[in-house]
Amino acid sequence: MEQSPNVASPRLRATFIVVAICAFALWSWSLVLAVEATRDPHGDGFDLLPAFWTTILLLPIAIVTLIGGIAGHGKHAARAQMALIIAGGLVVLAALLEIFRRLSMAIP
């Protein structure tokens with residue numbers, strides 16, 4: 001039995017590219033903050049953690065979604081769709097952690 005090929009619509013391809021650009025922007029922003037942290041004499045190693053985690057989590061998502069947005073069909077589109085779902089889950093997780101952080105600071 002043959003499988004139907006995964007073909008992304010132009011709108012979905014544009015979504016892949018926008019998500020990839022946003023992920024690359026966040027990744028590069030974390031690297032800028034890491035470089036500034038290394039120049040701070042009062043900084044510690046914990047200032048480098050955002051750059052570490054964004055390199056592990058966001059960089060592969062950005063690369064996969066960019067390739068899926070450029071190719072637009074086949075296994076690249078299927079991988080980009082999965083990366084888009086994972087990116088959405090990470091955004092929800094980050095938002096929940098930020099809400100919990102703000103709630104914990106509001107309680108005396």
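Author: Threonine 65 is found in helix H2, where helices (H or I, at least four residues) and strands (E, at least two) are DSSP runs, numbered from the N terminus. The model is a predicted one, in which local features need pLDDT of at least 70, side-chain atom pairs count only at pLDDT 80 or more, and totals for chains, interfaces and linings use all residues. Residues are numbered from 1 along each chain as its sequence is written, and side-chain values use heavy atoms, with hydrogens and water left out.

Threonine 65 has a relative accessibility of 0% and therefore counts as buried (under 20% relative accessible area; exposed is over 50%, partly exposed in between, with a 1.4 Å probe and protein chains only). A polar atom of the threonine 65 side chain lies 2.8 Å from the backbone oxygen of isoleucine 61. Apart from neighbours within four places in sequence, threonine 65 is in contact with Phe16, Val19, Ala20, Ala80, Ala83 and Leu84, contact meaning heavy atoms within 4.5 Å. Between the C-alpha atoms of threonine 65 and methionine 82, which are 17 residues apart along the chain, the separation is 9.0 Å.

The packing of two further helices may now be considered. Helix H1 (residues 10–39) and helix H3 (residues 74–106) pack at an angle of about 55°, their axes being 11 Å apart; axes are lines fitted to C-alpha atoms, for helices over the stretch in contact, and angles run from 0 to 180 degrees between N-to-C directions. H1 and H3 are therefore oblique to each other, since angles under 35 degrees count as roughly parallel, over 145 as roughly antiparallel, 65 to 115 as roughly perpendicular and the rest as oblique. From H1, the residues Leu12, Thr15, Phe16 and Val19 make the contact, and from H3, Ala77, Ala80, Gln81 and Leu84.

Threonine 54 also has its place in helix H2 (residues 49–71). With a relative accessible area of 15%, threonine 54 is buried. The side chain of threonine 54 reaches the backbone oxygen of alanine 51 at 3.2 Å. Not counting residues up to four places away in sequence, threonine 54 touches Trp27, Ser30 and Leu59.

Key
Polar contact = N/O pair within 3.5 Å; in protein donor to acceptor, adjacent residues only side chain to side chain.
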